[in-house]
Amino acid sequence: MQQTMHPGPTISVVITTYNRPDALAAVVEACFMQDDKNFEIIIADDGSTANTRETIDRLRERAPMPLKHVWQPDQGFRAAMARNRGTLAAAGNYIIFLDGDCVPQRDFIARHRALAQPGCLVSGSRILLSQALTERALREHIDLAGLGLPERLRYRLRGDMNKVLQTVLRWPDLGRMRRSFSWRRIKSCNLAVWRSDLERVNGFDESFVGWGHEDSDLVLRLFHAGVARKDGALATEVLHLWHREAQRDEESSNRKVVLERAANKTIQAVRGLREHRGEAPFPAPTS
């Protein structure tokens, strides 16, 4: 019997941001320096001011790959909506979600491409950086992804990085399929999903109010739709720039919704990708 060959993914990286242009620039610059440059960048902007648009315009002038900016008005925390609009603007059939404060290492795209498999999502992890290292890196434009092992070890010993080996070791791509499923600890700051799977579940659910668990909800609904999870640890780690914790007023109610959907085997988002089809893009603000 002849084996069916699946074509490799065309990749779109959807980067969420909100009024932090210095961190966004560090993330996008690291994308420019990827070993594998065969992808596009979509900035999914949750209502930033003109400073962010100006930063993106400057970056676009020297981008070695296509770079788009998708903006929506600032009406509170609406990351789910921003990611949905970013997905709809993407040309790729494989979407890698990345936050605008998570700096990818040089082989980030290459490792995600190698792990891409039909019927699977890939959940990556992050390395936490201290406030001091974050502020210095942004002020002095330090190439965090290009740090050597001695420098990383020094930062680890000083408490400026919470992990080191995960940034330099690469585990073989075999044995990454998770046999048991858990929606906990999966973050959309580093998550790769086939576009067809996102469309099947109607993307992120914008009915979630405030911060928290809209990413867990997506992964849970994908699981109910038959999508398996591959672990991207020791392959796709990102360097997470420090920031103050977001307000979590709605976290407990959002978590309750996820638990209800786990019990009900929910697949479809109440309000997601389909609700945005055909809409005209919002113009980003100018100074």
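The dialogue below concerns a predicted model.

Q: Which residues form the nonpolar patch on the surface?

A: The patch consists of Leu149, Leu153, Leu165, Val168 and Leu169, and together these residues have about 410 Å² of accessible area.

Q: Which helices each supply at least two residues of the nonpolar patch?

A: An α-helix has 3.6 residues a turn, so residues three or four places apart point the same way. In this model, helix 6 (149-158) and helix 7 (165-168) each contribute at least two residues to the patch. Leucine 169 is placed in the loop between helix 7 and strand 8 (190-194).

Q: Why does leucine 169 count as partly exposed?

A: Partly exposed residues lie between the buried limit of under 20% and the exposed limit of over 50% relative accessible area. Leucine 169 counts as partly exposed because its relative accessibility is 44%.

Q: How is a pocket to be read, and what is the volume of the second largest pocket?

A: Rolling a probe the size of a water molecule over the atoms shows where empty space is left. The second largest pocket of this model has a volume of about 260 Å³. Its lining comprises 14 residues, and Ala25, Ala26, Glu29, His141 and Ile142 lie nearest the centre.

Q: Where does the lining of the second largest pocket come from, and how is it divided by class?

A: Helix 1 (21-32) gives the largest share of the lining, five residues. Helix 1 and helix 5 (131-140) each supply at least two lining residues. By class, the lining has 10 nonpolar, one polar and three charged residues.

Q: Is helix 9 (residues 214-224) mostly covered or mostly uncovered?

A: Helix 9 is mostly covered, with 10 of its 11 residues buried. The buried residues include Leu218, Val219, Leu220 and Leu222, and also Glu214, Asp215 and Arg221. Just after this helix, glycine 226 adopts a positive phi of about 100°.

Note on methods: Residues are numbered from 1 along each chain as its sequence is written. This is a predicted model: local features need pLDDT of at least 70, side-chain atom pairs count only at pLDDT 80 or more; totals for chains, interfaces and linings use all residues. Side-chain values use heavy atoms; hydrogens and water are left out. Patches are made of residues with over 30% relative accessible area and no salt bridge: like charges are joined within 9 Å, nonpolar side chains (Val, Leu, Ile, Met, Phe, Trp, Tyr) within 5 Å. Accessible areas come from the Shrake-Rupley method with a 1.4 Å probe; for residues, only the protein chains shown count as cover. A salt bridge is a side-chain nitrogen of Lys or Arg within 4 Å of a carboxyl oxygen of Asp or Glu. Helices (H or I, at least four residues) and strands (E, at least two) are DSSP runs, numbered from the N terminus. Buried means under 20% relative accessible area, exposed over 50%, partly exposed in between (1.4 Å probe, protein chains only). On a 1 Å grid over the protein atoms alone, a cavity is a set of points where a 1.4 Å probe fits but cannot get out, and a pocket is an open set with protein on both sides within 12 Å along at least five of seven lines; lining residues have an atom within 4 Å of a point. Grid points are joined across faces, edges and corners, and a volume is the space filled by probe spheres set on the points. Ala, Val, Leu, Ile, Met, Phe, Trp, Tyr, Cys and Pro count as nonpolar, Asp, Glu, Lys and Arg as charged, and the others, Gly among them, as polar.
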